[in-house]
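Hi,

Here is the structure I promised to pass on to you. Have a look at it first, and then read on for what I found.

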Amino acid sequence: MAAASTTAAPATCYDTPEGVDVRGRYDPAFASVLTRGALAFVAGLQREFRGAVRHAMEQRREAQRRYDAGEPPRFDPATRFVREGGWRCAPVPPAVADRTVEITGPAEPRKMVINALNSGAKVFMADFEDALSPTWENLMNGQVNLRDAVAGTITFRDAARGREYRLNDQTAKLFVRPRGWHLPEAHILIDGEPAIGCLVDFGLYFFHNHAAFRAGQGAGLGPFFYLPKMEHSREARIWNGVFERAEQTAGIERASIRATVLVETLPAVFQMDEILYELRDHSVGLNCGRWDYIFSYVKTFRAHPDRLLPDRALVGMGQHFMRSYSHLLIRTCHRRGVHAMGGMAAQIPIKDDAAANEAALELVRKDKLREVRAGHDGTWAAHPGLIPAIREVFEGHLGGRPNQIGDAPAGQEAATVTAEDLIQPPRGARTVDGLRLNARVGVQYLAAWLAGSGSVPLYNLMEDAATAEISRVQNWQWLRHGAALDAAGVEVRATPELLARVMEEEMARIQAEVGRERFRQGRYAEAGRIFSRQCTAPELDDFLTLDAYNLIVVHHPGGASPCKL
Ligand SMILES: CC(=O)SCCNC(=O)CCNC(=O)[C@H](O)C(C)(C)COP(=O)(O)OP(=O)(O)OC[C@H]1O[C@@H](n2cnc3c(N)ncnc32)[C@H](O)[C@@H]1OP(=O)(O)O
Ligand SMILES: O=CC(=O)O
Ligand SMILES: [Mg+2]
């Protein structure tokens with residue numbers, strides 16, 4: 001037997017519990033969050049809840065079969081007692097009573113996390129979802145960033161600009177958004193199956209941060225979360241179970257964890273009371289996730305030619321179905337004593353054109369004024385440069401109060417919102433220019449996502465997975481139903497041949513805009529092929545990011561398993 005070495009060799013693989021295999025690249029920083037204890041916690045969650053998640057995903061498919069057959073989403077007669085009951089959610093945690101402006105952004109890069117926490121917003125929603133491309137590097141760096149942020153030790157040095165980043169004395173409160181239920185985490189296998197992505201995001205973050213968060217940011221409560229893309233209250237029930245299990249494991253009081261659910265699918269708007277009811281001890285409100293909501297409208301009505309959307313740029317909060325959704329959400333939240341959060345205006349600051357910048361800011365102001373007047377308690381900002389204007393609108397309206405949860409409803413409109421209002425088709429023109437813009441934006445977003453960036457500025461707007469999805473499914477819908485499109489006064493049909501021509505021209509335009517070299521080195525050609533295939537697929541892919549996920553999975557033999565051989 002060889003003599004044992006006196007100096008221990010540095011670890012090069014993860015220390016994993018029974019049944020867990022980590023296939024992502026080894027990195028000592030990642031190993032500091034992928035500890036044996038944390039992985040055992042994630043595995044425990046997966047083992048307890050995987051059956052319920054599988055069932056919920058099957059129920060989504062079953063519901064879609066009904067929508068395809070002509071039955072629209074509706075309020076469930078079986079849960080009328082929940083909608084009509086006089087129950088309320090747990091009181092709002094004092095630490096987050098004021099959520100007038102929430103900045104959002106990906107959990108990686110590190111500099112952005114520091115900027116968001118220092119931005120002057122009340123809350124920072126750190127995103128593992130729409131704004132983050134779920135590469136192994138992004139996810140694990142994101143966990144490291146958040147751990148250091150909660151500890152208050154996060155710093156960053158931008159060597160090229162000679163700039164140091166560190167936290168201010170006053171920072172935003174942290175909410176974390178894990179991925180949706182549908183996304184796997186292929187770099188971590190549990191009992192031979194890919195882990196459920198959101199349980200990895202939630203589990204690692206909760207395990208490492210619950211104590212520091214409650215002692216610091218949460219004033220005894222927390223951690224706080226945003227929960228995306230749910231379609232039914234049974235999915236909220238699973239989250240509630242996950243929270244209870246986490247609280248028990250950590251030995252902290254029940255109802256410590258709090259979460260805001262994004263109402264961003266059409267089926268979920270008919271389930272808002274039921275979702276809040278399932279999470280009533282863990283809830284801190286609902287949010288109007290407008291971009292995924294529009295995406296979901298197309299998905300839900302994919303089989304119905306009488307539900308075609310107009311050009312993407314025309315589907316705003318002014319459309320009747322969107323206004324109805326926002327009013328009903330506000331009324332529902334306030335009846336139950338929690339925040340009704342507004343959504344994201346897509347405009348971002350425009351650096352090189354003062355007039356265009358002022359026009360963009362004015363659109364953001366108008367959007368926020370509509371929200372606060374309707375009764376929203378707070379809203380989202382995509383960029384730190386928007387925060388002063390948004391604060392001014394919200395704080396001006398609220399006059400020093402942290403929220404308007406207890407106010408009388410702003411109008412009668414919400415009291416009379418019907419199922420018909422919620423699904424009324426949006427109005428406006430459908431054009432070949434709209435088809436083109438969808439292609440140009442969809443391809444550039446997908447190229448960025450494949451290269452690791454999940455939120456990008458394109459044509460002076462913020463684009464993320466939710467906005468890009470609208471571009472994809474709208475083109476698919478128009479082609480699927482041979483929509484009549486306006487081309488400078490001439491009507492043309494949306495066909496695969498038209499899309500092929502448009503794609504060729506738009507790919508050339510993208511190359512001209514980004515430059516030949518960047519185009520060649522980027523993943524534009526690959527993104528173009530994927531986007532064309534998705535727009536012409538006989539069956540609509542459920543998610544752009546699910547279809548493309550395999551292209552960003554990188555398995556490393558130096559992960560955990562070889563060390564166990
Ligand atoms: C549909 C939904 O789900 S919406 C929610 C999900 N989407 C998002 O969260 C999008 C968030 N926003 C962003 O990612 C960015 O603002 C983008 C990609 C749109 C634009 O980013 P950039 O091109 O870097 O903007 P820009 O160059 O103007 O940035 C200026 C500074 O602001 C910082 N910044 C910009 N946006 C943010 C943000 N959301 N959070 C923190 N810092 C930010 C940049 O880091 C940069 O900092 P620096 O001066 O220290 O270098
Ligand atoms: O997540 C937010 C949305 O609009 O989608
Ligand atoms: Mg969304």
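In the hairpin of strand 7 and strand 8, two residues lie between the strands, and D191 takes a positive phi near 55°. Strands here, like helices, are DSSP runs numbered from the N terminus (at least two residues of E for a strand, at least four of H or I for a helix). Before going further, please note that this is a predicted model: local features need pLDDT of at least 70, side-chain atom pairs count only at pLDDT 80 or more, and totals for chains, interfaces and linings use all residues. Residues are numbered from 1 along each chain as its sequence is written, while chains are lettered from A and ligands numbered from 1 in the order in which they are written.

Strand 7 and strand 8 (residues 193-196) run antiparallel and are joined by four bridges; two strands count as paired if DSSP finds at least two bridges between them. P184 has I196 in strand 8 as its bridge partner. Strand 7 also runs antiparallel to strand 1 (residues 20-22), with three bridges between them, and there V22 stands opposite I188. Is strand 7 buried or exposed? Six of the seven residues of strand 7 (residues 184-190) are buried, so this strand is largely enclosed by the rest of the structure. A residue is buried if 20 or more other C-beta atoms lie within 10 Å of its own, exposed if 12 or fewer do, and partly exposed in between, with C-beta atoms placed from the backbone.

There is another hairpin to look at. Strand 16 (residues 484-487) and strand 17 (residues 490-493) pair in the antiparallel sense over four bridges, with D486 opposite E491. Two residues sit between these strands, and A488 takes a positive phi near 50°.

Eight strands form an open sheet with parallel pairing, in the order 12-11-10-9-6-3-2-13. Its edge strands, each pairing on one side only, are strand 12 (340-341) and strand 13 (379-381). Within the sheet, strand 3 (residues 123-127) and strand 6 (residues 173-177) pair over five bridges, and K173 in strand 6 is the bridge partner of V123.

Now for the ligands. Which residues are closest to ligand 1? They are T104, G105, N115, D130 and S455, in a shell of 23 residues; a residue belongs to a shell if its C-beta atom, placed from the backbone, lies within 6 Å of the molecule. Helix 4 gives the most to this shell, with four residues. By class, the shell around ligand 1 has 14 nonpolar, five polar and four charged residues. Here Ala, Val, Leu, Ile, Met, Phe, Trp, Tyr, Cys and Pro count as nonpolar, Asp, Glu, Lys and Arg as charged, and the others, Gly among them, as polar.

Ligand 2 is surrounded by D130, L262, E264, G289, R290, W291, D292, G343, M344 and A466. Helix 10 (residues 290-300) provides the largest share of that shell, three residues. Four residues of the shell are nonpolar, two polar and four charged.

Finally, the whole chain. It has 21 helices and 17 strands. Its radius of gyration, taken over C-alpha atoms, is 23 Å, close to the 24 Å that the globule rule (2.2 Å times the number of residues to the power 0.38) gives for 565 residues, so the chain is as compact as a globular protein of that length. Of those 565 residues, 49% count as buried.

Enjoy exploring!
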